Amino acid sequence: MPATLLHLVRHGEVHNPDRVLYGRIPGFHLSGLGVRMATLAAESLAGNNVTALYASPLERAQESAAPWAKNFGLEIQTEERIIEPTNKFEGQSTAFGPKMLTQPRNWPFVVNPFLPSWGEPFVTVAARVMAAMHDAWEKADGGEVVMVSHQMPIWMIARTVAGKPLYHDPRKRRCSLSSITTLEHRDGRFVEVNYQDPARELLAASVDLGAV
C-alpha cells in the first residue's frame with residue numbers, strides 16, 4: 001500500500017560561526033538552536049502515522065532526522081538522492097548575491113544562472129529528488145513518509161509540482177530552516193498540499209546561508 005502523505009523536511013540551523021557556504025563540505029553539524037528547531041519539526045507531526053524516515057547523508061540532515069527517529073520509533077534510511085547539490089562556491093564566506101560578482105575568481109561560474117553554471121543543474125536535482133520520492137512513496141506500507149533534505153532540493157520539487165520554471169533567485173526560496181513541505185500523490189503526480197514552519201519562533205535568531 002503506497003504512502004498517504006510525503007513530508008519534505010529541511011534541516012535545522014548549522015553551527016557556522018565563520019559563515020561559510022558549506023554545501024557538501026563535511027563536518028558541519030547542527031547548532032544548539034538547530035537541534036531545537038529539528039525537535040520542534042518532529043513534534044509538530046506528533047500523532048501522525050509516520051511509517052518511514054529518510055535523510056540525506058550529510059551530518060546536518062542526519063542530526064535533524066534524529067528527533068523523528070526517536071519520536072516515531074523509526075530507523076533513519078540514508079537516501080543519497082536527496083543530498084545537497086554540488087556548487088563551485090563551497091568554502092567561500094561571501095553570501096550569495098551581487099557581491100560575488102566583484103570577485104574575479106567567481107566570474108567563470110556565473111555565466112549562466114539559468115543552468116546554473118556554478119553547480120549541479122536544476123533539472124538534475126529535481127529529477128533525482130523526484131525519483132527518490134516516487135520510490136519512497138511506493139515502498140511505504142501505508143502511512144506518511146518523512147524525507148529530511150536541504151533547501152535547494154526541496155525548492156526544486158516545490159517549483160516542479162507547481163509547474164514553475166526551475167530557474168530562480170536562491171535568496172527568495174520559500175524553504176526556512178526545519179520547514180515542512182507536504183505532498184500527496186494524485187493522478188500519477190505529486191501535488192503540494194501544505195507548507196509549515198514549526199520553528200518559526202526561532203528563525204529570527206538563526207543564521208541561514210549554507211546553500212546557493
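**Entry 1: the end of H2**

I looked at what comes after H2 and found Gly73, whose phi is positive, near 65°. I note here that the model is predicted.

I then went back along H2 itself. H2 covers residues 59-72, which is 14 residues. From its first C-alpha to its last H2 reaches 20 Å, close to the 20 Å expected at 1.5 Å a residue. I also found a kink of about 25° at Ala65 in H2, shortly before the proline Pro67.

Which residues of H2 are buried? I listed Arg60, Ala61, Ser64, Ala65, Pro67, Trp68, Ala69 and Phe72. Ala65, where the kink lies, is therefore under 20% relative accessible area, as buried is defined. I recalled that an α-helix has 3.6 residues a turn, so residues three or four places apart point the same way.

Next I checked what the buried residues of H2 pack against. I found strands E1 (5-10), E2 (50-55), E4 (144-149) and E5 (180-186), and helix H1 (32-44).

Most residues other than glycine have a negative phi.

Arg19 has a positive phi of about 55° and is not a glycine. I placed Arg19 in the loop between E1 and H1. Arg19 is partly exposed, with a relative accessible area of 45%.

Asp187 has a positive phi as well, near 50°. I placed Asp187 in the loop between E5 and strand E6 (189-196). Is Asp187 buried or exposed? Asp187 is exposed, with a relative accessible area of 82%.

**Entry 2: H3 and H4**

Two packed helices are described by the angle between their axes and the distance between the axes. I looked up both for H3 (residues 122-139) and H4 (residues 151-161): the axes come within 9 Å and cross at roughly 85°. That makes H3 roughly perpendicular to H4.

I wrote down the residues that meet. On the H3 side they are Phe122, Val125, Ala126, Val129, Met130 and Met133. On the H4 side they are Met152, Pro153, Met156, Ile157, Thr160 and Val161. I sorted the residues of this contact into eleven nonpolar, one polar and no charged.

**Entry 3: Val110**

I found Val110 in the loop between strand E3 (77-78) and H3. Val110 is partly exposed, with a relative accessible area of 23%.

What does Val110 touch, not counting residues up to four places away in sequence? I found Phe89, Leu101, Ser117 and Trp118. I also looked up Val191: Val110 and Val191 are 81 residues apart in sequence and 32 Å apart in space, C-alpha to C-alpha.

Conventions
Residues are numbered from 1 along each chain as its sequence is written. This is a predicted model: local features need pLDDT of at least 70, side-chain atom pairs count only at pLDDT 80 or more; totals for chains, interfaces and linings use all residues. Side-chain values use heavy atoms; hydrogens and water are left out. Helices (H or I, at least four residues) and strands (E, at least two) are DSSP runs, numbered from the N terminus. The expected span of a helix is 1.5 Å times one less than its number of residues. The bend at a residue is the angle between axes fitted to the seven residues ending there and the seven starting there. Buried means under 20% relative accessible area, exposed over 50%, partly exposed in between (1.4 Å probe, protein chains only). Contact means heavy atoms within 4.5 Å. Axes are lines fitted to C-alpha atoms, for helices over the stretch in contact, and angles run from 0 to 180 degrees between N-to-C directions. Angles under 35 degrees count as roughly parallel, over 145 as roughly antiparallel, 65 to 115 as roughly perpendicular and the rest as oblique. Ala, Val, Leu, Ile, Met, Phe, Trp, Tyr, Cys and Pro count as nonpolar, Asp, Glu, Lys and Arg as charged, and the others, Gly among them, as polar.
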